[in-house]
Amino acid sequence: MDRTQLLLGLAVALFSLGLLGVIVRRNVLVMLMCMELMLNGVILSLVTFAQQTATTVGAVLVFLIFVVATAEIALAIPIVLLLVREKRTLDLAAYSDLKG
Amino acid sequence: MLEALVLNLVLFLPLLGAGLLLVSPTDHHDFTRRLTLVVMSLQFALTAWLYGRFDSSVAGLQFETRLPWIQSWGVHYQIGLDGYNILLVMLTAFLGPLVTAGAFSSISKDVKLFYAMVFLIQFAMMGAFLAQDLFLFYVFWEAMLIPMFLMIGIWGGERRIYATIKFFLYTAFGSILMLAAVIYLVYSLQTTSGIVSFAFADLVKARLPLGAQSWLLAAFALSFAIKVPMVPLHTWLPDAHVEAPTAGSVILAGVLLKMGTYGFMKLGFPLFPDATALFTPWLMSLAVLSIVYGACLALVQDDIKKIIAYSSISHLGYVMLGLLSLELVGIQGAVIQMVSHGLVAAGLFLMVGMIYERCHTRELAAYGGLAKLVPVYSVFFMILTLASVGLPTTSGFTGEFLVLLGAFKAAWPPFVLGLNHLPLVLAVVAVSGVVLGALYMLRFALGFLFGATKAPHSPLSDLNTREKTILGLIVVAVFALGLFPDEPMRKTELAAKAYKQLVTTSRLPGRAP
Amino acid sequence: MLTLIVLLPLLGFLLNGVLATQLGGNRVGKSFVTIVGCGLPILSFLLVVKVFFDLQAGGYAPLVETAYRWALVGRSSFEIAFYFDRLSAVMALIVTGVGSVIHVYSVGYMAHDKSFGRFFAYLNLFLFFMLLLVLGRSLLVLFVGWEGVGLASYLLIGFWFEDLANARAGKKAFVVNRIGDAGFLLGMFVLYQAFGTLNMDSINSAFGIGAAKVVPASLVGILLFIGATGKSAQIPLHVWLPDAMAGPTPVSALIHAATMVTAGIYLVARMSGVYLHAPEASAVIAVVGVATAFFAATVAIVQTDIKKVLAYSTVSQLGLMFLALGVGAYGVAIFHVVTHAFFKACLFLGAGSVIHALGGEQDIRRMGGLRQRIPVTFWTFAIATAAIAGIPPLAGFFSKDEILWFAFASTRGGSPLLWGVAALTALMTAFYMFRLLWLTFMGESRMAAKVEAHVHESPLSMTGVLMLLALLSAVGGFFALPHFLEPQLPLPVVDEALHHLEKPLLVLSIVIAFAGLAAAAYVFGAGTSRAEGLQRRFAGLHRWLSGKYFIDELYERLIGRPLVWLSDFVFLRLGDRVLLDGTLNGLAALGRRGAGLLVRLQTGSLHLYAWFVLVGIVGALLWSWRHA
């Protein structure tokens, strides 16, 4: 197994762990962390492919994603914090206000 | 040229009226009422002028306006008067001021909004009758729904929400199917002959195979049959009438129901002659069923508005019978019956409204001996009852007699030749409708006018001048149409002939025209 | 001129209807109403006389006058036109003549009624429509008049509408008439279909030159006769006439004896051109006529209301007129119409005079001994009774005898059976009429005391009319009407072999009349004791006859209740509510339930949503991989 496959394997593993976490875990903050994990898995695979093509496009894209992810986290965490303050629990089951 | 401008003015006057109402002060009810009455009367005066200028010897559209609207689809703003709509336009304009004046004392909440609704409905109805372009027709057809929905829903009776939603959904359902049919029709005209046009004059030349015609006619017929209303699609009408305010019922019975029969006459049958020929036995049976079913149901009602509602179903069955007879006598009779019913039903609903304002009940059992309590009211009531029954010298007789004569004339040859017994059976059953008509209306009159006097909130005041004027005008019109129908029939004759010609000429692809 | 004759009563209706009622605010008094209400009909009568002389001067060529065109459809034109020939002349003279005198009578009879103006307005309206009926040229104009007199009848029967029973009687009359009218309309349609016109003279002549091969004359004949059965109260549509006695007596006299009910006979006579070629229809008419005559006479024997006796008598006499029409003796039927108008109007008005004298009493069991107290009424009533019984040389004898003769001997359907039934009817007629006379006027008084105290003769406006009508009943038979009408309505050919029986049958008629008189005198001469004895002996039959054979109840059971049941249970509850509304509301409920099911997907749980997203993505990827 060469280096690329190893790295991709790691990216897939990270992504899967993150996805699994989002689906299975009930703690809101843990779900957020898992979503970040998914994001990192995707970024890792992107870096791997970028290195292979040896163009600058990949690297630029990676930095773009870093920035967007940071902005996203900067917004997501306060929203979750406000929600938690409202509901007084981190259990996802309490967040069913959108029920039909 | 001037007439064409006046016709446009006639159409848009209610819209202008609604606009004027918008900017007028909200709580000056008297001003609102007077303004509405003035605008409506002006519309009637202009329409009467156009009626006088209408030339009976010219076939086709008169006072036409044709402006491109959506060029790429072939949609035009095209309006005009011809024998099909002249009498109905006159009826609409005639009832406008009467509806307005009739609602003076019954509507006291949100008066401005109410009359705005009346204007919008008037605009939409006028437009539907005047439109010669199918797209324009459809726009007006749909446009009438919302103001009516609001009118019933806001100023109506106890079960108004149920009634108005039922009315809206029922009618809209049919309309959606009609829209699909319209689009298909235009599309098929485009593919077969390259003409992209929504104009009725162009669409009537389309050639479609029988299967397509049948589906399209079914879609159109569903929409129109709901509006007429024909049994079994009629159940929205009693509820809508009972829950609507008086003005709403008058507009509904007076003009709105005619849009269905007008649709059949102008669009449904002429556009799909072969499908019409195929469906005639069914449609005719439904028409006669409407006559009998409506009459039977009117016989057992205890709500006075429901009696008149079911009588409308019965009367309009005659119109459908006349249209389907394809005899000139029957077709002319159908048109006269449309106008006659508009006048008589409007008058009866106005009268119900007048007594409701005084007694606040619609139960027949709560009334009795009104001929003694309110004699002037009773005279008008008796006249309109007799017109509904079809007594000769009233417009009801003219319509019914000519329709039945036409139906019989169409039914006799097939019977004698042994080809088809159904039309004659239907014609004979339809004639029995005159007996049923007398039965339910006279039962109504018996319980209402005669016997021991009984009415909630008596002593009752008899009709005031405004009410007498409104009813007097209607009664004059009823007798004019009953005694002197020749003149109106001159105006519609060429259109009736054109209708007959269009519906009896096959338009299957491949056949010579 | 003809148009003017028709319009004068209409003017009276409008003037009195608006000014003399609450519609116009009761602006005028009784004298105005009287002058307008009686004057215009009398004027009409004078104009009819004048036109009659014009007709005579012109050699009896029919006068035609077109008022205006009602409608034009294609090439056939419906016109409002009037037609005056011998038959119209006779009918118009009776309508305006007898009509006018009854108007004059009403002045006295209705003098204390608070709706005096309304009454005369309605009477004038009736006259207008009746004139349209008899003077109309086309079946359309006739039909307008036909329905119009039905309207006037409805309004006048229910004149005293505070009592619901009266209004109900009016409604019954209108509806039963309408049933006949349905048949009439169909007959008109067949004729229009065949000839493209409804002008009666054109139709008659068309049949004369052989249209009978194209159009089934008997079908038309029967359909028009159905209309006549309604209007002229023959079986099975006779049920409205006895109930119509609820109206004021002048109404009963004018409408339900002299004029409106004879419209059916006029129709058949006018359309004789059709009936001459319709032997089946004529046979039906004759049988129905004689059956009705017999049946009504049996019922009249046991009636106890003075007006009801006369009502059933009218039905019976109308039956005899139809018998005459059925055997082709059209002129004779019209002759009986005329004589019947005289004596029946006299009888009804006389009854009115009695009722007026007794302050409203109508039960003949509570009358008697009036002969000396109201002599004019008694004598005029007696003359009219003798006339209807067929005592010579009064008017009824001539017309009735001719009917019996032609019923026996006409080659167009006459038979001994018809004669037999008719003769029996004549016997019963004499019997019950003299019964009426005896019980009402003769013998000891059975009146209530306070009624008896107020018995008084009627004013001259009433008795004068009675005397005039009694005179006409006496001498009216001498005018040989059938011969006058013969150029237009030929008398049927009489079977040669039976010619010799004419005189014997004539004698037999006279014997029958006197036999009836004698029987009545025997049974009722000494008060009611013998009659009561007979009543006890034949109690069952008596109940059957008093109940009018329970036909009203039969109709109610067979038609009335099933119709209401059908409308209420089948159409309204089952059809409209359960089936149609049920379907609609069911569809709406279905929509709501479907939405209810779908809503369960919206649990609000983000996990589930995420799971859905995952499943969706996987599914989409698989699908695109499959279909790439």
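Begin by selecting T393(B), which sits in the loop of chain B between helices α16 (375-389) and α17 (395-416), where helices (H or I, at least four residues) and strands (E, at least two) are DSSP runs numbered from the N terminus. Its phi is near 90°, a positive value in a residue other than glycine. T393(B) has 14% relative accessibility and counts as buried, a word that here stands for under 20% relative accessible area, with exposed for over 50% and partly exposed for what lies in between (1.4 Å probe, protein chains only).

Before going further, note that this is a predicted model, in which local features need pLDDT of at least 70 and side-chain atom pairs count only at pLDDT 80 or more, while totals for chains, interfaces and linings use all residues. Residues are numbered from 1 along each chain as its sequence is written, chains are lettered from A and ligands numbered from 1 in the order in which they are written, and side-chain values use heavy atoms, with hydrogens and water left out.

Staying in chain B, select H360(B), in the loop between α14 (328-359) and α15 (370-373). H360(B) is not a glycine, yet its phi is positive, at about 60°.

Now colour chain C on its own. The chain has 26 helices and two strands, and its C-alpha trace spans about 115 × 65 × 55 Å along its principal axes. Of its 628 residues, 57% count as buried. Among the contacts in chain C with a separation of 6 or more, 80% are made by residues 24 or more positions apart, contact meaning heavy atoms within 4.5 Å.

Within chain C, select helix α7, residues 200-208, and display the side chains of M200(C), I203(C), N204(C), A206(C) and F207(C), which are buried. These five lie on the same side of α7(C), because they cover an arc of only 160° around the axis, the arc being that of the directions from the helix axis to the C-beta atoms. An α-helix has 3.6 residues a turn, so residues three or four places apart point the same way. After α7(C) comes G210(C), whose phi is positive, near 105°.

Two cis peptide bonds can be visited next. One joins I235(C) and P236(C), with omega about 0°, and P236(C) is in the loop between α8 and α9 (240-243) of chain C. Another joins P392(C) and P393(C), with omega about -5°, and P393(C) is in the loop between α16 (375-389) and α17 (395-409) of chain C.

Select W70(C), R178(C) and F189(C), which supply 14% of the area that chain C buries against chain B, more than any other three residues.

Two salt bridges are found across this interface, a salt bridge being a side-chain nitrogen of Lys or Arg within 4 Å of a carboxyl oxygen of Asp or Glu. In one such salt bridge, the side chains of K166(B) and D581(C) meet at 2.7 Å, N to O.

Finish with chain A. Chain A and chain B do not touch, and their nearest C-alpha atoms are 24 Å apart, whereas 13 residues of chain A are in contact with ten residues of chain C. Chain A and chain C bury about 830 Å² between them, 72% of it on carbon and sulfur atoms. On the side of chain A that touches chain C, select helix α1 (residues 3-24), which gives the most, with four residues.

Conventions
Buried area = accessible area lost by both parts, 1.4 Å probe.
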